[in-house]
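Hello,

Here is the structure for your files. My notes follow below it.

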Amino acid sequence: MKIMTRQRRSALVAIAGTALLAGSLTAIGAAGSPAAAAGTVNCSGSINGKAGGYIRKRGIKNSTVTSNYRSAATATWSPRAWIEIGGAGGPTSWKTSYIVPSTDSIGRTVTLGGTNGQSVLSETKVAALYRTNGTKVTGWSPKKVVNGPTREVYSVTTSGVVQQTKLSFTTAGTRLGTVTNLPVSLPSTTTVAGVWTSHNGVKYDLLYSINPSTRKLEQIVVPSDRPAGAKKYVVRSLGAGWRYMSVHNCYDADGMVAAKDIVLINPTTGNAVRIRQSNGVGHSTTFSPATRVGTDGSWKWSGISS
């Protein structure tokens with residue numbers, strides 16, 4: 001399994017987690033339209049979770065479900081979030097690895113593999129997650145864990161402090177390393193999701209959260225190698241009931257662009273919608289109108305984003 005570099009990530013489909021709304025498609029409404037980009041812009045990602053005892057994975061391009069997989073057997077453990085750490089793919093098959101915090105407070109590394117056009121995963125490999133000191137990750141139960149592809153793991157403590165944990169990639173596997181507190185907090189977050197991006201040669205991690213009290217979408221912009229520079233913004237209203245979300249990078253013919261797609265999921269109704277932010281690293285308040293993702297009623301999942 002190859003560790004995914006920044007360059008390889010921009011060439012592969014980004015895989016991330018999701019969000020929920022207990023309302024209708026019109027409950028979000030429009031907040032303006034993104035500025036026109038040069039050429040066609042497509043936003044791609046994946047959403048992982050659990051339903052009916054099976055691990056599930058769907059590929060998303062814009063608002064279309066492009067693939068739909070489940071594990072060959074049911075899983076006895078339940079995920080809280082999915083943090084992509086590497087992947088490889090060919091003309092007919094693919095594999096992707098994740099760090100997966102779970103409801104039993106045990107950290108796992110999970111590799112999913114599949115064949116294009118099939119509906120059952122060819123591989124669901126689960127292994128223990130370790131820290132750089134060699135100890136297994138147990139008792140890992142922060143208030144929230146940010147899902148999404150990144151070379152850092154973000155979590156929220158029970159007191160609301162946002163923490164960055166650096167990942168160490170070794171021949172023995174991926175390890176959880178140094179922990180740094182960010183100068184921002186998320187005291188009342190329903191769910192958090194994230195994605196990495198770059199701007200002027202600097203890598204950033206974009207964290208999005210739903211505040212259940214204000215029903216606002218909040219965003220934290222983190223310079224990946226300078227977490228002390230993290231800042232939080234309120235970027236739009238959402239309405240009531242959202243529970244899960246997933247954030248996806250967007251590309252044109254020249255590579256990654258500023259826009260980001262946010263997929264919101266309501267696991268109670270099983271409905272999902274997508275809104276597009278015109279500029280992620282710029283914490284833009286300009287979004288596209290909500291667009292339905294997949295079939296209504298088909299998203300009654302758990303464990304998408306913490």
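Buried means under 20% relative accessible area, exposed over 50%, and partly exposed in between, with a 1.4 Å probe and protein chains only. By that cut-off, 53% of the 306 residues of the protein count as buried.

This is a predicted model: local features need pLDDT of at least 70, side-chain atom pairs count only at pLDDT 80 or more, and totals for chains, interfaces and linings use all residues. Residues are numbered from 1 along each chain as its sequence is written, and side-chain values use heavy atoms, without hydrogens and water.

**Overall**
The protein has 1 helix and 20 strands (DSSP runs numbered from the N terminus: helices H or I, at least four residues; strands E, at least two).

Two strands pair if DSSP finds at least two bridges between them. Strand 13 and strand 14 share 8 bridges. Serine 198 has lysine 203 in strand 14 as its bridge partner.

**Cores**
A nonpolar core is a set of buried Ala, Val, Leu, Ile, Met, Phe, Trp, Tyr and Cys residues joined through side-chain atoms within 4.5 Å. The largest has 20 residues; Tyr208, Leu217, Leu238, Met245, Ile262, Leu264 and Ile275 touch the most other members. Strand 14 gives the largest share of this core, 4 residues. A second, separate core has 12 residues, including Val184 and Leu207.

Best wishes
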